[in-house]
Amino acid sequence: MIVGIDLGTTNSLVAYYTEDGPRIIPNRLGKNLTPSVVSVDEEGNVYVGETARERMNLYPDSVAQTFKRSMGTEREYVLSGKHFKPEELSSMVLRSLKEDAEVFLGEPVTEAVISVPAYFDDKRRKATKRAGELAGLKVERMISEPTAAAVAYGLYDRTLDTRFLVFDLGGGTFDVSILELYHNILEVRAVAGDNYLGGEDFTEVMEKLFLQKAKLQLSALSEKEQVRLYRQAEKAKCAINDSDRVTMSFRYKEEALEQQITYKEYEEACEELLMKIREPVKKSLADAGLRLSDIDEVLLIGGATRLSVVRDFLIRLFRKFPDTKMNPDETVALGAAVQAAMKERREEVKEVILTDVCSFTLGTEVVVEYEEGKYEDGRFCPIIERNTVIPASHTERLYTVRDNQEKMRVRVLQGESRFARNNLFLGELNIDIPKGPKGQESIDVTYTYDINSLLEVEVKVVSTGEAQKMIIKGEENHMSEEEIKKRMEELAYLKVQPRDYEENRLVLLRAERMYEEALGDRRKKLDHYITAFEAALKKGDHDGIMDARNELNEIMEAEED
Ligand code: AMP
């Protein structure tokens, strides 16, 4: 079975296709969302999801989150003294989802369609693919998140030929895409976005407001206090959606601080972020050659689109109410599952033909004659331009620039800069050409880029017909099978916890955290129930464990209120 995975910045989900359509697979804790958080302890035990997030409060040095933002970069995360790349951390999330899916479906899961932000460049997509490989998942196809959303939506309401604007504001990334569904062909017309804007920025605004009002400096807080403050800010951010004010509380040096923040204050403080949202919307419309009034449906995806300040802003911007029929957290995973079913050629999936757009420009380096006899080299010549619908194939003819030139070199580059050196180098081809006066001989350079992000480059000498071809899968950033196997073995020392214990561990962590935060009698009471639970765990009697766990949970719930 091929599953669909939404590997999100904040949360990840896995879904599969059933006769009744795509469905989310609950994780080992029975939840649909698995936080994209990883923790590794001193002994090399790996924790993923809610358990890892809970460890953030107690052991901040052992936890990594929002690593999706750094996918495809050389950044390293240090967890309990061990070093990890973003794709390795992502692979642990994927491994956890894979396991949950296998238990739920009762069969091995070895292949997945994974969604990526439309704005992810080649490097980031390759890193995502590698993360899948490290988790033991074959990832032949990736689907852009907005495409996945539209696929899920398109199946939901298939009567329409529609122009969508997919507005995706997740935890850490922002994407706008314009898609057109016409006679079952779903075409991405344009994408734009901001890799550094998301729900977390809105949490930070809340946090700053609180600090201002409480006359506190963030730098004065310890790491643990900062984590707690952030958690409170996140809570307040979600609570302000339904009311005109919210009270945010925070315990600082045994003092309970409380501040009221009104919706209006919060909205004003978010003004700068809201302005940032406008730009990609404008850019995508311009790239697609459309106006706002041409859009039939605005789809909201990503958890941060639940924010009232964002929704109010969008209603003002689009002068219409966005579509909220589907759960913004789940749409992408459901769409990825549909795509997985299409890949399996499942009968039930009426084939929607997917096209995508190239989210960056692909071109080559050329020498430009800027004045008679004067040349400047190192310039970039676009061949497939950003936002071209793919699969696409384009040819550019290039001429010799010197008399008796014997070779031509085609450097394959990706990026938007006018100068070759500023763009990403993907590979190169060299071809021999017959001697002659400059400008007589020429080559046709053809780039063919497909929906699986494979770029085929063909160079053909026009006069002789001699040709050379190469396929680029991003060698520059590629790990060989062997390297992947080696790194998988290296990572194998990490002990993934048996899933049965997950819930117990989570309850204990939560209790420990609450113990740290409590004082006096509350602390004693918690200690009593924690000790009882630990004793039951040691004894290993199932009923006893369940009873003690339920009791501890009840106490904690009462405390949390
Ligand atoms: P995602 O990456 O799509 O899972 O989005 C996560 C972001 O959505 C985080 O910044 C959350 O704080 C935010 N979020 C989730 N639920 C809500 C809510 N009810 N109100 C406001 N923001 C939310």
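This note comments on selected features of the structure, point by point.

1. Basis of the note. The structure is a predicted model, in which local features need pLDDT of at least 70, side-chain atom pairs count only at pLDDT 80 or more, and totals for chains, interfaces and linings use all residues. Residues are numbered from 1 along each chain as its sequence is written, and side-chain values use heavy atoms, with hydrogens and water left out.

2. Helix α1. Helices and strands are DSSP runs numbered from the N terminus (H or I, at least four residues, for helices; E, at least two, for strands). Helix α1 (residues 50-58) is mostly covered, with eight of its nine residues buried. Here buried means under 20% relative accessible area, exposed means over 50%, and partly exposed lies in between (1.4 Å probe, protein chains only). Among the buried residues are Glu50, Glu54 and Arg55. The buried residues of α1 pack against β4 (34-35), β5 (37-40), β6 (45-48), β7, α6 (223-239) and α12 (502-517); contact is defined as heavy atoms within 4.5 Å.

3. Lys98. This lysine is found in helix α2 (residues 86-105). Is Lys98 buried or exposed? Lys98 counts as buried, because its relative accessibility is 15%. A polar atom of the Lys98 side chain lies 2.9 Å from the backbone oxygen of Val109. A polar contact is a pair of N or O atoms within 3.5 Å; within protein, one must be able to donate a hydrogen and the other to accept it, and residues adjacent in sequence count only if both atoms are side-chain atoms. Leaving aside residues up to four places away in sequence, Lys98 touches Val109, Ala135, Gly136 and Leu137.

4. Positive phi values. Most residues other than glycine have a negative phi. Thr66, in the loop between β7 (63-65) and β8 (77-79), has a positive phi near 45°. Its relative accessible area of 23% makes Thr66 partly exposed. Ser80 is not a glycine either, yet has a positive phi of about 45°. Ser80 is placed in the loop between β8 and β9 (82-84) and counts as buried at 15% relative accessibility.

5. The four-stranded sheet. An open sheet is formed by four strands in the order β23-β26-β27-β28, with antiparallel pairing; two strands pair if DSSP finds at least two bridges between them. β23 (392-399) and β28 stand at the edges, each with a single partner strand, so one side of each is left without a neighbour in the sheet. From one strand to the next, the twist averages 15°.

6. Strand pairs within the sheet. β23 and strand β26 (residues 442-449) are paired over eight bridges, and Thr395 stands opposite Thr446 in β26. Strands β27 (residues 455-461) and β28 (residues 467-472) pair over six bridges, with Val459 opposite Gln468 in β28. The hairpin of β27 and β28 has five residues between the strands, and Gly465 takes a positive phi near 80° in this hairpin.

7. Helices α13 and α14. The axes of α13 (residues 520-539) and α14 (residues 542-560) come within 8 Å and cross at roughly 160°. Axes are lines fitted to C-alpha atoms, for helices over the stretch in contact, and angles run from 0 to 180 degrees between N-to-C directions. The two helices are therefore roughly antiparallel to each other, a term for angles over 145 degrees. Residues of α13 including Leu526, Tyr529 and Phe533 belong to a set that meets residues of α14, among them Ile545, Leu552 and Met556.

How values were computed:
Parallel < 35°, antiparallel > 145°, perpendicular 65-115°, else oblique.
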